[in-house]
Amino acid sequence: MASPFCAAAAAGRLAVPAPSPPAARAPRPRRGLVAVRAEAGGGINPAIRKEEDKVVDTVLTGELAKPLTAYCRCWRSGTFPLCDGAHVKHNKATGDNVGPLLVKK
């Protein structure tokens, strides 16, 4: 025996509302590149550990997927926030000594 709902649907007497159109979404903000420029004659690191050739810090943690991850601190990496070695060119051009933050497992 068919239920009253099934009988009404089969007879075409069941009113099914049409799906509503998708809500208009606000446009997503465009993600752009951020240009960070060192001032002429200076660098990103004006005073921290200037006696070292390159400032690199290491942090130990047990909650990483990889045994070693290098994070950018020069703001020039094409893979930011990960380091791609762009600090080498920056350091040569400006005389700076900035290097990556190394996070080890």
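This is a predicted model: local features need pLDDT of at least 70, side-chain atom pairs count only at pLDDT 80 or more; totals for chains, interfaces and linings use all residues.
Local features were taken only where pLDDT is at least 70, and side-chain atom pairs count only at pLDDT 80 or more, whereas totals for chains, interfaces and linings use all residues. Residues are numbered from 1 along each chain as its sequence is written, and side-chain values use heavy atoms, with hydrogens and water left out.

Helices (H or I, at least four residues) and strands (E, at least two) are DSSP runs, numbered from the N terminus. Two strands are said to pair if DSSP finds at least two bridges between them. Strand 3 (98-104) pairs with strand 1 (55-60) in the parallel sense, over five bridges. Within this pairing, Val 59 has Val 103 of strand 3 as its bridge partner. Strand 3 also pairs with strand 2 (residues 68-71), here in the antiparallel sense and over four bridges. Leu 68 has its bridge partner in strand 3 at Lys 104. In a regular strand, side chains alternate between the two faces of the sheet.

Solvent exposure was classed by relative accessible area: buried is under 20%, exposed is over 50%, and partly exposed is in between (1.4 Å probe, protein chains only). Strand 3 is mostly covered on this scale. Five of its seven residues are buried.

Helix 2 spans residues 86-94, and its buried residues are His 87, His 90 and Asn 91. These three lie on the same side of helix 2, because they cover an arc of only 100° around the axis. The arc is that of the directions from the helix axis to the C-beta atoms. The face turned away from the buried side carries the exposed residues Lys 89, Lys 92 and Ala 93. Strand 3 is included in what covers the buried residues of helix 2. Contact here means heavy atoms within 4.5 Å. Gly 95 follows helix 2 and has a positive phi, near 80°.

Asn 91 belongs to helix 2. Its relative accessibility is 13%, so Asn 91 counts as buried. Leaving aside residues up to four places away in sequence, Asn 91 touches Lys 54, Asp 96, Asn 97 and Val 98.

Ile 48 lies in the loop between helix 1 (4-10) and strand 1. At 53% relative accessibility, Ile 48 counts as exposed. Beyond residues up to four places away in sequence, Ile 48 touches Val 55 and Asn 97. Ile 48 and Val 98 are 50 residues apart in sequence. Their C-alpha atoms are 9.2 Å apart in space.

Charged pairs were examined next. Side chains of opposite charge can pair when their charged atoms come close. A salt bridge was assigned where a side-chain nitrogen of Lys or Arg lies within 4 Å of a carboxyl oxygen of Asp or Glu. The count comes to four salt bridges. Arg 49, Glu 52, Asp 57 and Arg 73 are linked in a network. Arg 49 forms a salt bridge with Glu 52, with the closest N and O atoms 2.9 Å apart. Arg 49 is also bridged to Asp 57, where the closest N and O atoms are 2.8 Å apart. Asp 57 meets Arg 73 in a further salt bridge (2.8 Å, N to O). Asp 57 lies in strand 1 and Arg 73 in the loop between strand 2 and helix 2, so this pair ties together parts that are 16 residues apart in sequence.

Relative accessibility is 28% for Arg 49 and 29% for Glu 52. The value is 25% for Asp 57 and 26% for Arg 73.

Aromatic pairs were assigned among rings of Phe, Tyr and Trp (its six-membered ring) whose centres lie within 6.5 Å; planes under 30 degrees apart count as stacked, over 60 as edge-to-face and the rest as tilted. The count comes to one aromatic pair. Trp 75 and Phe 80 form this pair, which is stacked. Their centres are 4.9 Å apart, with 20° between the planes. Phe 80 is partly exposed, with a relative accessible area of 40%.
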